[in-house]
Amino acid sequence: MNKQQYIDKAEENLFHVYNRFPVVFDHGRGVKLYDTDEVEYLDFASGIGVMAFGYGNEDYENALFSQIKEITHTSNLFYHAPMIEAAEKVVKVTGLSKVFFTNSGAEAIEGAIKTAKKYAYLRDGFAGHEIIAMNHSFHGRTVGSLSVTGTEHYREPFYPLMDGVKFATFNDYGSVLSRVTDKTCAILLEPVQGEGGVTPADATFLKKIRELCDDKDILLIFDEIQCGMGRTGSMFAYQQYDVMPDILTTAKALGGGVPVGAFVVNQKVANKSLVPGDHGTTYGSNPLCTAAVSTVFDMFEKYKLCDHVNRIAPLFIETLDRLVEKYDFVTERRGMGLMQGLVLTVPVADVVKKALLEENLVVLSAGGNVLRMLPPLVITEQDVDNFKVKIEAVFDAM
Ligand SMILES: *Cc1c(COP(=O)(O)O)cnc(C)c1O
């Protein structure tokens with residue numbers, strides 16, 4: 001089939017819930033993607049922050065091939081080695097105590113919400129608790145995760161959503177404090193907001209929120225589904241802020257390309273929240289996905305990938321800062337490590353489309369008219385140079 005035939009067949013059969021770009025990707029190597037016409041693209045999106053190691057990594061592929069030959073699914077009625085190994089690595093790297101594997105980020109959020117509610121239920125002896133989430137947050141598209149997502153146009157058609165959610169202003173401690181009541185069970189936030197516009201938390205904001213939570217026995221939930229897994233230069237962003245969550249959610253790069261997420265809790269929460277019968281999943285923690293998780297953690301160590309991010313990110317940031325100086329419609333750079341955004345005054349959708357179709361550069365948008373870059377963490381100086389040439393060509397034509 002040629003490209004147009006693929007696209008026509010897709011639109012004939014797939015529920016039209018996405019406005020896809022007219023590109024049919026076929027395979028990838030390193031930080032390059034290739035479409036069905038063998039056109040090469042430079043990928044600075046990594047499948048929305050998933051493909052941290054880029055494409056076609058042999059260590060990763062071999063680990064998955066050998067797991068597929070053993071067993072891909074057993075259910076959570078039984079134990080199996082890949083899940084056990086992955087769990088040990090997640091606990092070690094996060095500094096938390098217990099992990100529950102899910103199939104997606106949204107399900108990790110669902111689990112975190114249920115855990116916080118059950119914790120408060122056992123503490124107080126009754127239900128009906130509240131969660132404080134942030135404006136411009138993004139936590140997923142399921143009804144529960146949408147209920148804590150602070151972007152009205154995602155929510156509006158689906159009311160009523162889950163009750164008891166209050167939205168506060170990100171990086172505004174007073175705004176959070178004013179929403180705390182006796183019923184508050186959790187404060188949920190992304191240490192670096194992703195979809196909302198690539199906005200890092202202020203260090204003092206996170207520290208004060210942590211103190212507030214300690215003071216009132218409120219659980220602090222960090223959603224690091226996008227900003228975690230080495231993206232900001234540490235395995236999780238909270239490690240740079242030196243503020244521990246009670247519950248962490250992770251997904252996206254966690255499995256290096258297979259659908260997997262997790263919520264991870266500290267010992268205090270594990271001792272007094274979900275028990276057998278409270279929660280479950282058929283696929284979650286299956287051998288294929290947890291073998292992938294385990295391999296991803298091994299590869300982070302083998303390639304010293306966080307060190308690499310910390311080496312290459314300053315060059316990328318400098319390149320982006322130059323763009324802010326050079327183009328008057330680029331007003332600000334924001335982000336941490338290899339999670340970066342440029343605030344534009346020209347429509348970001350036009351920039352993303354032009355970059356893809358005219359310069360074969362894959363970039364993303366985020367809320368607040370932000371051009372968002374989430375390159376594979378393995379990018380080199382050469383890739384940053386190539387990015388610069390392509391994005392300048394796009395900007396020059398704006
Ligand atoms: C992508 C994302 C989610 C949702 O993950 P899915 O796997 O798409 O369900 C939740 N939180 C954040 C911060 C995300 O970036």
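Isoleucine 187, setting aside its neighbours within four places in sequence, is in contact (heavy atoms within 4.5 Å) with Ile132, Met134, Val176, Ile209, Leu212, Cys213, Ile218, Leu219, Leu220 and Ile221. The structure is a predicted model, in which local features need pLDDT of at least 70 and side-chain atom pairs count only at pLDDT 80 or more, while totals for chains, interfaces and linings use all residues. Residues are numbered from 1 along each chain as its sequence is written, and side-chain values use heavy atoms, with hydrogens and water left out.

Isoleucine 187 belongs to the largest nonpolar core, which has 99 residues; within this core Ile187, Leu371, Phe387 and Phe395 touch the most other members. A nonpolar core is a set of buried Ala, Val, Leu, Ile, Met, Phe, Trp, Tyr and Cys residues joined through side-chain atoms within 4.5 Å. Buried here means under 20% relative accessible area, exposed means over 50%, and partly exposed lies in between, with a 1.4 Å probe and protein chains only. A second, separate core of 22 residues includes Ala186, Leu219, Ile221 and Ile247. In soluble globular proteins, nonpolar side chains tend to be buried together.

The next topic is the ligand. The residues around the ligand, each with a heavy atom within 4 Å of it, are Ser104, Gly105, Ala106, Phe138, His139, Gly140, Glu190, Asp223, Ile225, Gln226 and Lys252. This shell divides into three nonpolar, five polar and three charged residues; Ala, Val, Leu, Ile, Met, Phe, Trp, Tyr, Cys and Pro count as nonpolar, Asp, Glu, Lys and Arg as charged, and the others, Gly among them, as polar. One oxygen atom of the ligand is 2.8 Å from a polar backbone atom of glycine 105, and an oxygen atom of the ligand is 2.7 Å from a polar backbone atom of alanine 106. A nitrogen atom of the ligand is 3.2 Å from a polar backbone atom of phenylalanine 138. Taken alone, the ligand exposes 380 Å², of which the protein buries 80%; such areas come from the Shrake-Rupley method with a 1.4 Å probe, and for residues only the protein chains shown count as cover.

Several loops also deserve attention. Helices (H or I, at least four residues) and strands (E, at least two) are DSSP runs, numbered from the N terminus. Tyrosine 159 is found in the loop between helix H7 (152–155) and strand E6 (165–168), and proline 160 is found in that loop between H7 and E6 as well. A cis peptide bond joins tyrosine 159 and proline 160, with omega about 0°. Because its relative accessible area is 43%, tyrosine 159 is partly exposed. Its side chain makes polar contacts with the side chains of glutamate 152, at 3.0 Å, and arginine 155, at 3.1 Å. A polar contact is a pair of N or O atoms within 3.5 Å; within protein, one must be able to donate a hydrogen and the other to accept it, and residues adjacent in sequence count only if both atoms are side-chain atoms.

Asparagine 57 is placed in the loop between helix H2 (46–49) and helix H3 (58–70). Asparagine 57 counts as buried because its relative accessibility is 15%. A polar atom of its side chain lies 3.0 Å from the backbone nitrogen of aspartate 59.

Glutamate 38, in the loop between strand E2 (32–35) and strand E3 (40–43), has a positive phi of about 65° although it is not a glycine.
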